[in-house]
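Visitor: Please show me the model, and then I will ask about its packing.

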Amino acid sequence: MDHMDLTFGHFVNPFTDIGFKIIFGQPASKELLITLLNELLAGEHHIENLIFLDKENHSDSMADAGIIYDLYCLTDTGEYIIVEMQNRFHSNFLDRTLFYMCRAIGRQVENLREKKRKERELQTGKPETEEDDFLLSEPQENYGARYRLSTVYGIFLMNFREPGLEPKFRTDSVIADRESGKVVNPHFRQIFLQFPYFTKELKDCETLYDKLIYTLKNMQHWNRMPDALKEQVFHRLEELAAVANLSLENRIAYDKALDRYRVSRIVEEDAREAGWKKGLEEGRAKGLEEGRAKGIAEGRAEGHAEGLAEGQVKEKTAIARNLKSLGLSTAQIAQATGLTEEEVEAISNN
C-alpha cells in the first residue's frame, strides 16, 4: 500500500465529504469555488457571483435523499452548476451523473416560478417575500417559452479511474452532432476530472488552473503551503482548510469522515491485493493445466513419430530379406529400399 495514501497533514482532505464542503461548500469559501469554476470554464464562461441552493430540497423521494450531489449552485447570470467530489468508483457512475444533469434541467421547467425568484434574489442580494413574489410575477408565457433553459454544468471531480472515459485527466462532454462535432444544444455541459491521471509536479504547473488541481490532489499530505503557491487564493485556502482552524462541530464531523476515508482506502487496497493474488493463483493453475495438456500432446506426437519410424524400418528390413533371397546384389537392394549397403549387409548376416 502507498504510504502516502494514509498519511495526513495540516490541511483537510478534499476527497472526504466534509473536507470538500469546508473548502468549497460554505459561504466563507464561495470565492474559492468561483475561482475554481472560472479556471475550469476559462474562455467559455465567467462567473461573478453565485448562491448555494439547498440540495435537500432537490431529492425526489426519501429513498433518494442519500445519493444527491455535493454542491448545487446558481450563478448571477442564471446558470446552474452541480459540483461533486466522488472518492471511489461505483458501477453506473456515468449514468448517475447523467441522471443528476437531467433532473436539474427538468426542474427548470417544473419550478419556473421558483427559478425566477431565485434569479431575482441573486441579482438583488436579498430574499423575497411571498408578497414580493406575487407583485413581481410576470404574465403567463406562451407554451414554447417555458422550455427556454439555462445552461446546466456538471463538474465531477473523481479520485478514481472511470473505465467509461478516455484514460486522461479531463473529459469535456457536450451534446453535439456525431459527424461534424458541432454543438447541438449548449445548455448541457459535463466536465469529468480523473485525478489519478493528473501527474504534474508543482514545478511543471504554470497556470493557476494546474496549481489548483495540484493542490487539491496533494494538500492532505502537507504541513504548510509550498512557497511556489503565491496567489491570494492559496492564502485563503490555507486559512479555510487548516484542520486547526475548524470549529468543534466541523472537527468532529471531519474526524468521522476521515475515519471513513481511511477504512474505504484500506478495504479498496485489500480488495485489490486479494484480486491480484487470486489472479496470480488462477494464472498459475491455468499455466500448469495448459503445460500439462501441451506435454501430453507433444508426447503423443513424438510417440507416434517414433512408432511410425520403427514400423518403416521393419518393413524395409523384410523387403531387403526378400530381395536377397531372389539373388539381387547388395547395391540393388540398397537402391530399392533406401537402406545403406552397410544396413543391407547387416540384415544379410542376421
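Guide: This is a predicted model. A residue counts as buried under 20% relative accessible area. Tyr 214 has a relative accessible area of 12%, so Tyr 214 is buried.

Visitor: Trp 222 forms an aromatic pair with Tyr 214; is Trp 222 buried or exposed?
Guide: The cut-off for buried is under 20% relative accessible area. Trp 222 has 13% relative accessibility, so Trp 222 counts as buried.

Visitor: What kind of aromatic pair do Tyr 214 and Trp 222 form?
Guide: A pair of aromatic rings is described by the distance of the centres and the angle of the planes. For Tyr 214 and Trp 222 the centres are 5.9 Å apart and the planes are at 35°. Planes under 30 degrees apart would count as stacked and over 60 as edge-to-face. The pair of Tyr 214 and Trp 222 is therefore tilted.

Visitor: Phe 99 and Tyr 100 also form an aromatic pair; which of these two is buried?
Guide: Their rings are tilted, 6.0 Å centre to centre with 50° between the planes. Phe 99, at 37% relative accessibility, counts as partly exposed. At 1% relative accessibility, the buried residue is Tyr 100.

Visitor: How many aromatic pairs does the structure hold?
Guide: Beyond pairs, there is an aromatic cluster formed by Phe 89, Phe 93, Phe 156, Phe 160 and Phe 192. The number of aromatic pairs in the structure is eleven.

Visitor: Which ring lies under the charged end of Arg 161?
Guide: A charge counts as sitting over a ring when, among other criteria, it is within 6 Å of the ring centre. The charged end of Arg 161 is 5.0 Å from the centre of the ring, and that ring belongs to Tyr 197.

Visitor: Which helices do the buried residues of H7 pack against?
Guide: In helix H7, residues 232-241, the buried residues are Val 233, Phe 234, Leu 237, Leu 240 and Ala 241. They cover an arc of only 120° around the axis, so they lie on the same side of H7. Their packing partners are helix H1 (17-24), helix H2 (30-40) and helix H6 (208-218).

Visitor: Which element gives the largest share of the largest nonpolar core?
Guide: This core has 51 residues, of which Phe 24, Val 83, Leu 157 and Leu 193 touch the most other members. The largest share of the core is six residues, and they come from H2.

Visitor: How many residues are in the second, separate core?
Guide: Its members include Ile 51, Phe 93, Met 158 and Phe 188. The residue count of this second core is 19.

Conventions:
Residues are numbered from 1 along each chain as its sequence is written. This is a predicted model: local features need pLDDT of at least 70, side-chain atom pairs count only at pLDDT 80 or more; totals for chains, interfaces and linings use all residues. Side-chain values use heavy atoms; hydrogens and water are left out. Buried means under 20% relative accessible area, exposed over 50%, partly exposed in between (1.4 Å probe, protein chains only). Helices (H or I, at least four residues) and strands (E, at least two) are DSSP runs, numbered from the N terminus. The arc is that of the directions from the helix axis to the C-beta atoms. Contact means heavy atoms within 4.5 Å. Rings of Phe, Tyr and Trp (its six-membered ring) pair if their centres lie within 6.5 Å; planes under 30 degrees apart count as stacked, over 60 as edge-to-face and the rest as tilted. A charge sits over a ring if NZ of Lys or CZ of Arg is within 6 Å of the ring centre and within 35 degrees of the ring normal. A nonpolar core is a set of buried Ala, Val, Leu, Ile, Met, Phe, Trp, Tyr and Cys residues joined through side-chain atoms within 4.5 Å.
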